[in-house]
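Subject: Structure for your review

Dear colleague,

Please find below the structure that I am handing over to you. My findings follow after it.

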Amino acid sequence: RMLADVVDLSENGIDMKCITALVRALRWRKRPKFSRQVPTLILQSNGFTPETARMLACCWEPLSQDEVLEEEAVADLAGSARSSRQTSFAVEDRSMADDPGVENLDISFNPEMGDQGFDLLVGGVARFRRFRSLRADTIGLGALGCRSLERLGSTSLEFLCLSNNAIGADGAEVVVAAALKCQQLQALELENCGIDHEAAAPLAGLLRDHPSLRKLAINRNRLCSEGVVELCGGAAVSKNLSSLGLAYNDFSSAAACDALGDLTRSCASLVELNLSGNRIEREAIARLGLAIQQSRVLIVHIEDMGFDHSSVDDYMKHREAEMQELQVMRLSHNPIGDIGLAAISDNLSIGLVELSLASCGFTGKSKEPLKTLVSMSPNLRTLDLSKNDLGPNGCCSMISWMGQCEAVNFSLRNLELADCNLGDEGFLSFLPVLGLVSYLGMSGNRVTSAGLEAVMSSQQMIQLRCLDLSRNGIGEQGVHALTERFQQEHKRSLWNPKQLTSSIDQVILTDNPIPPGLAASTDAYLKIHNPLLNVVWPVVTAIVPKSTPAEN
């Protein structure tokens with residue numbers, strides 16, 4: 001797959017023969033005028049071994065004298081052939097730069113590469129001064145293999161990902177030493193690397209001393225409370241840090257929360273903080289909430305932290321909504337319940353633009369708090385309520401309020417309601433807002449053809465960018481209702497282009513009981529008669545018949 005200047009060859013089982021051809025193509029200097037450099041190369045999940053990595057590293061090595069002579073001979077032969085044919089394709093070859101142009105490389109999910117393969121690859125990359133980005137997630141890297149990273153100090157490295165490699169605290173310390181030599185490094189990801197509190201001091205030094213590091217993601221490690229306290233000490237004096245990921249690091253103490261509070265108040269550049277998956281002590285929750293309120297943090301992740309209605313109330317208490325700068329809050333996977341939702345609705349930041357409350361134990365009793373939440377959040381654009389058992393009437397008060405207001409009075413445009421047990425009745429209740437929102441997620445809600453037909457047969461205006469109806473029970477009758485409605489709308493728009501008509505840019509129907517033949521024929525029909533409607537159909541796995549012994 002090639003998109004713009006990105007070549008993605010993931011999951012292709014590229015062997016030595018193929019990688020050799022790829023390297024030769026990337027290093028070829030005399031290319032036609034219409035060719036382009038390839039700055040980004042993605043090679044995920046190809047089963048690379050150290051030998052494959054050795055050959056890939058050749059991509060950044062200078063051409064040998066024999067290779068230069070071979071190129072010139074091939075170019076002369078090709079020029080003679082074009083001259084003899086006198087074709088219009090006889091364009092001048094141009095000599096490209098001596099480097100391959102690959103500045104961004106992704107070799108993730110090649111676990112057999114290991115320390116040896118990584119060392120060989122880095123040796124090649126280090127020759128290219130303009131190299132900027134290396135993603136090496138899950139490549140079997142250990143602490144020993146991290147030593148090769150110091151050679152990247154000669155490059156222009158800005159992004160480095162070594163997540164899901166068992167480098168441990170020793171490897172993290174080596175990575176820190178190498179990162180300090182990469183003066184242009186802006187983002188470092190070390191998620192799930194087996195790092196414990198012993199690496200906290202080097203990481204704190206990195207945040208304190210690095211001149212350009214903006215993002216550090218060390219989620220899913222084992223820093224514990226002791227390590228978080230030490231790390232925050234270095235982060236608090238950073239002049240550039242904008243994003244810090246500490247999710248699932250097994251810290252809980254009040255001391256760790258106080259250190260985080262000092263960090264958020266002291267580091268003026270910090271805008272995103274991920275604390276998900278850490279079970280904070282009850283008495284420290286309120287202090288943490290107050291610290292974030294008093295900071296300039298815009299995005300906070302506090303998912304799966306065991307917050308119930310009482311702890312959410314503690315976190316939100318003493319908040320002055322109009323004074324907060326918070327824009328994005330992700331609270332999903334906490335057992336907040338209906339009572340906790342009421343506390344959230346009354347204390348949200350007035351500037352909040354995105355709120356995630358998936359799998360929080362809400363029921364149909366939350367209809368009034370949901371109305372309050374939307375009506376009291378004038379800037380809220382995205383709301384995720386998926387995996388809550390809201391039932392058919394759980395959103396009725398919110399929908400009624402939105403339907404009675406003009407669209408300029410609220411900002412909600414993206415509404416995710418997957419797996420909320422809405423059914424056909426719940427889907428039909430959203431008719432008043434189908435002309436007001438841009439995205440409506442109805443995946444896994446037991447919607448049938450009858451429900452889709454009822455919505456399509458209504459005269460209500462529909463203006464959606466995307467309608468997600470995946471994982472429902474929609475069949476042939478629903479497909480016919482959908483195509484008939486928007487075929488009529490398309491014809492109406494052709495007759496009178498100035499008339500406002502209903503439209504949906506994309507409808508997602510994956511994992512529905514739609515016959516493959518119906519999907520194929522309807523898709524062909526839409527491409528001709530309604531090309532503006534894009535339908536994502538269920539994926540059909542082709543079954544290749546086995547050949548008989550006689551055929552073999």
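**Overall picture**

Of the 552 residues in the protein chain, 51% are buried. Please bear in mind that this is a predicted model. The chain contains 17 helices and 21 strands. Among the contacts with a separation of 6 or more, 87% are between residues 24 or more positions apart.

**Two packed helices**

I begin with one pair of helices. Two packed helices are described by the angle between their axes and the distance between the axes. Helix α9 covers residues 282-293 and helix α10 covers residues 309-316; they pack at an angle of about 40 degrees, and their axes are 7 Å apart. The crossing of α9 past α10 is right-handed.

Which residues meet where α9 and α10 come into contact? From α9 these are Arg282, Ile285, Ala286, Leu288, Gly289 and Ile292, and from α10 they are Ser310, Ser311, Asp314 and Tyr315. The residues of this contact divide into five nonpolar, three polar and two charged.

Ser243 belongs to strand β11, which spans residues 243-245. Is Ser243 buried or exposed? Its relative accessibility is 12%, so Ser243 counts as buried, the cut-off for buried being under 20%. The side chain of Ser243 makes a polar contact with the side chain of Glu272, at 3.4 Å. If neighbours within four places in sequence are set aside, Ser243 is in contact with Arg214, Lys215, Leu216, Leu270 and Glu272.

Gly423 is part of helix α14, residues 423-428. Gly423 counts as buried because its relative accessibility is 6%, which is under 20%. Which residues does Gly423 touch, not counting those up to four places away in sequence? They are Asn445, Arg446 and Val447. Gly423 and Val447 are 24 residues apart along the chain, and their C-alpha atoms are separated by 5.0 Å.

**Two residues with positive phi**

Asn164 is not a glycine, yet it has a positive phi of about 60 degrees. Asn164 is located in the loop between β8 (159-161) and α5 (168-181). Its relative accessible area is 34%, so Asn164 is partly exposed; that class lies between the cut-offs of 20% and 50%.

His333 is a residue other than glycine with a positive phi, near 65 degrees. The loop that holds His333 runs between β14 (328-330) and α11 (337-347). With a relative accessible area of 40%, His333 is partly exposed.

**Cysteines**

How many disulfides does the count give? The count comes to zero disulfides, where a disulfide would need a pair of cysteine sulfur atoms within 2.5 Å. Cys58, for example, is in no disulfide; the nearest cysteine sulfur belongs to Cys59 and is 8.9 Å away. Another cysteine, Cys182, has a relative accessible area of 5% and is therefore buried.

Yours sincerely,

A colleague

Methods
Residues are numbered from 1 along each chain as its sequence is written. This is a predicted model: local features need pLDDT of at least 70, side-chain atom pairs count only at pLDDT 80 or more; totals for chains, interfaces and linings use all residues. Side-chain values use heavy atoms; hydrogens and water are left out. Axes are lines fitted to C-alpha atoms, for helices over the stretch in contact, and angles run from 0 to 180 degrees between N-to-C directions. Helices (H or I, at least four residues) and strands (E, at least two) are DSSP runs, numbered from the N terminus. A crossing is left-handed if the near helix is turned anticlockwise from the far one by less than a right angle, and right-handed if clockwise. Contact means heavy atoms within 4.5 Å. Ala, Val, Leu, Ile, Met, Phe, Trp, Tyr, Cys and Pro count as nonpolar, Asp, Glu, Lys and Arg as charged, and the others, Gly among them, as polar. Buried means under 20% relative accessible area, exposed over 50%, partly exposed in between (1.4 Å probe, protein chains only). A polar contact is a pair of N or O atoms within 3.5 Å; within protein, one must be able to donate a hydrogen and the other to accept it, and residues adjacent in sequence count only if both atoms are side-chain atoms.
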